[in-house]
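Subject: Handover of a structure and findings

Dear colleague,

Please find the structure below, followed by an account of what was found in it. I would be grateful if you could read the two side by side.

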Amino acid sequence: MVEEVRVALAEDEAIIRLDLRETLEEEGYTVVGDTGRGDEMLELVAATNPDVVILDIKMPGMDGIEVARHIAATHDAAVVILTAFSQRDLIDQAIEAGALAYLVKPFQRSELVPAVEIALARHREMRALTDQAQTLADRLEARKLIDRARGALMDEAGLTEADAFRFIQQVAMNERASMADVARQVLDDGRRPES
């Protein structure tokens with residue numbers, strides 16, 4: 001079973017918007033909404049929480065680059081930009097605003113799916129890297145906390161390094177807490193072994 005990919009699209013030309021919707025649905029995507037205005041797209045994204053957002057650059061209400069910036073800051077979605085202009089500066093602005101793929105109009109139907117899939121893949125990679133960075137940062141922070149708590153136990157409770165570590169580890173296991181949480185108790189609440 002292929003996972004459902006939810007798409008929202010904004011294109012001010014109704015015929016192109018309809019063609020996009022039909023093509024996406026024929027290819028198995030779920031189109032959760034479409035609009036011809038950039039400002040309405042922000043409301044649509046907030047209401048439907050799509051996986052992919054397709055944005056025309058030139059739209060009334062708010063242009064696609066500005067909408068992409070808002071989406072990048074507030075939602076977890078891959079952005080594809082549609083443009084009739086292949087000017088380098090607009091493409092650079094779109095990428096800087098968070099777009100992960102773009103299509104130059106008039107585009108072939110066969111170009112749409114690869115653009116959507118590229119944007120999705122890049123988005124997943126970025127999310128994985130972000131998650132990994134947070135995990136590594138969390139681990140490093142926990143290790144620093146545990147080291148500081150171990151030092152406090154050695155200085156203030158006269159424990160050896162091994163005994164201090166074992167105390168933190170044992171309390172964590174007994175209380176089903178993380179070692180970082182126990183280290184915080186040692187540092188913040190003055191928790192010590194009972195003599």
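Helices (H or I, at least four residues) and strands (E, at least two) are DSSP runs, numbered from the N terminus. The model is predicted, and local features need pLDDT of at least 70, side-chain atom pairs count only at pLDDT 80 or more, and totals for chains, interfaces and linings use all residues. Residues are numbered from 1 along each chain as its sequence is written, and side-chain values use heavy atoms, with hydrogens and water left out.

Backbone in the loops

Asn 49 sits in the loop between α2 (38–48) and β3 (52–56). Its phi is near 50 degrees, a positive value in a residue other than glycine. Asn 49 is partly exposed, at a relative accessible area of 49%; here buried means under 20% relative accessible area, exposed over 50%, and partly exposed in between (1.4 Å probe, protein chains only).

Arg 176, in the loop between α6 and α7, likewise has a positive phi near 50 degrees without being glycine. Arg 176 counts as exposed, at 78% relative accessibility.

The loop between β5 (101–104) and α5 contains Pro 106. A cis peptide bond joins Lys 105 to Pro 106, with omega about -5 degrees.

Thr 160 belongs to the loop between α5 and α6 and is partly exposed, with a relative accessible area of 44%. From C-alpha to C-alpha, Thr 160 and Arg 150 are 9.0 Å apart in space and 10 residues apart in sequence.

The packing of α6 and α7

Two packed helices are described by the angle between their axes and the distance between the axes. For helix α6 (residues 161–174) and helix α7 (residues 179–188), the angle is about 115 degrees and the axes are 8 Å apart. Axes are lines fitted to C-alpha atoms, for helices over the stretch in contact, and angles run from 0 to 180 degrees between N-to-C directions.

Which residues meet between α6 and α7? From α6 come Phe 165, Phe 167, Ile 168, Gln 169, Val 171 and Ala 172, and from α7 come Met 179, Val 182 and Val 186; contact means heavy atoms within 4.5 Å. By class, this contact has eight nonpolar, one polar and no charged residues. Ala, Val, Leu, Ile, Met, Phe, Trp, Tyr, Cys and Pro count as nonpolar, Asp, Glu, Lys and Arg as charged, and the others, Gly among them, as polar.

Val 182, in helix α7, is buried, with a relative accessible area of 0%. Leaving aside residues up to four places away in sequence, Val 182 touches Ile 168, Val 171, Ala 172 and Ala 177. Val 182 and Val 171 are 11 residues apart in sequence and 7.0 Å apart in space, C-alpha to C-alpha.

The largest pocket

On a 1 Å grid over the protein atoms alone, a pocket is an open set of points where a 1.4 Å probe fits, with protein on both sides within 12 Å along at least five of seven lines; lining residues have an atom within 4 Å of a point. The lining of the largest pocket includes Ile 71, His 75, Asp 76, His 123, Met 126 and Arg 127. Both α3 (64–74) and α5 (109–157) supply at least two residues of this lining, and the largest share, four residues, comes from α5. By class, the lining has six nonpolar, four polar and two charged residues.

With kind regards
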